[in-house]
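Me: I'd like to learn how to read a structure like this one. Could you walk me through it, feature by feature?

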Amino acid sequence: IGSSSSTDGGLTFNEEQPVGSKSKTARAYRFKAVVDLGELANGRINGYGEAYYELREKNFSALDSESAFEKRIYGGSLNLDLSESVQAHFAITAVEEETASGKDTQLYETVVEATADITENLTLLAGVTWSDYRDPATVGRNGTRTDIGARITYAFNDKTKVFVFGQ
């Protein structure tokens, strides 16, 4: 499946060559499990957890994604209601992809976020993301990174909100 993209609002288009071959088959597999923690803990915990795994074989092509080499994506998350006004989110994701040299690129990411309703109209969201990227083919993009951010949102009504974001 080929695709076109435009970086200037549709004035010009770049044709992207599809991966794969008409004579060869490539598959993708996805598994996802979700558990309601309230059911496991007889209602003492409000929230849910999930885990997922995806494998795309070399030369896999679909409408929304292409993989020239084998790619593995896996991880999980935990979403908890700590109180009526405070929620917490934890997530871990890994993306490992083969390259033409046979060495994998690796991205590992951990996210921790908390949301608190300060008042009926005022909400605070704060989070930290830690990323570790490894690509044997490039030198400048390798390493770890930590991002910290916060957003304060004020809701005038159901349709009108303003926010301030800092990172």
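This is a predicted model: local features need pLDDT of at least 70, side-chain atom pairs count only at pLDDT 80 or more; totals for chains, interfaces and linings use all residues.

Me: Which elements does the protein have, and in what order do they run from the N terminus on?

Reply: Helices (H or I, at least four residues) and strands (E, at least two) are DSSP runs, numbered from the N terminus. Here you get one helix and twelve strands, running β-β-β-α-β-β-β-β-β-β-β-β-β.

Me: How many salt bridges are there?

Reply: Side chains of opposite charge can pair when their charged atoms come close. The rule asks for a side-chain nitrogen of Lys or Arg within 4 Å of a carboxyl oxygen of Asp or Glu. By that rule, the count is eight. One of them pairs Arg30 with Glu54, at 3.3 Å from N to O. That pair links distant parts of the chain, with Arg30 in strand β3 (residues 28-36) and Glu54 in strand β4 (residues 46-56), 24 residues apart.

Me: Is Glu54 buried or exposed?

Reply: Buried means under 20% relative accessible area, exposed over 50%, and partly exposed in between (1.4 Å probe, protein chains only). Glu54 has 11%, so it's buried, while Arg30 is exposed at 66%.

Me: What about Arg72 and Glu96, buried or exposed?

Reply: Both Arg72 and Glu96 are buried. Salt bridges that share partners join Glu70, Arg72, Glu96 and Asp104 into one network. Within it, the closest N and O atoms of Arg72 and Glu96 are 3.3 Å apart.

Me: Now the surface: which residues form the nonpolar patch?

Reply: Patches take residues with over 30% relative accessible area and no salt bridge; like charges are joined within 9 Å, nonpolar side chains (Val, Leu, Ile, Met, Phe, Trp, Tyr) within 5 Å. Accessible areas come from the Shrake-Rupley method with a 1.4 Å probe, and for residues only the protein chains shown count as cover. Leu78, Phe90, Val112, Val128 and Ile148 form the patch, with about 380 Å² of accessible area together. Phe90 sits in strand β8 (residues 86-97) and is partly exposed, at 34%.

Me: And which residues does Phe163 touch?

Reply: Contact means heavy atoms within 4.5 Å. Leaving aside neighbours within four places in sequence, Phe163 contacts Arg151, Ile152 and Thr153.

Notes: Residues are numbered from 1 along each chain as its sequence is written. Side-chain values use heavy atoms; hydrogens and water are left out.
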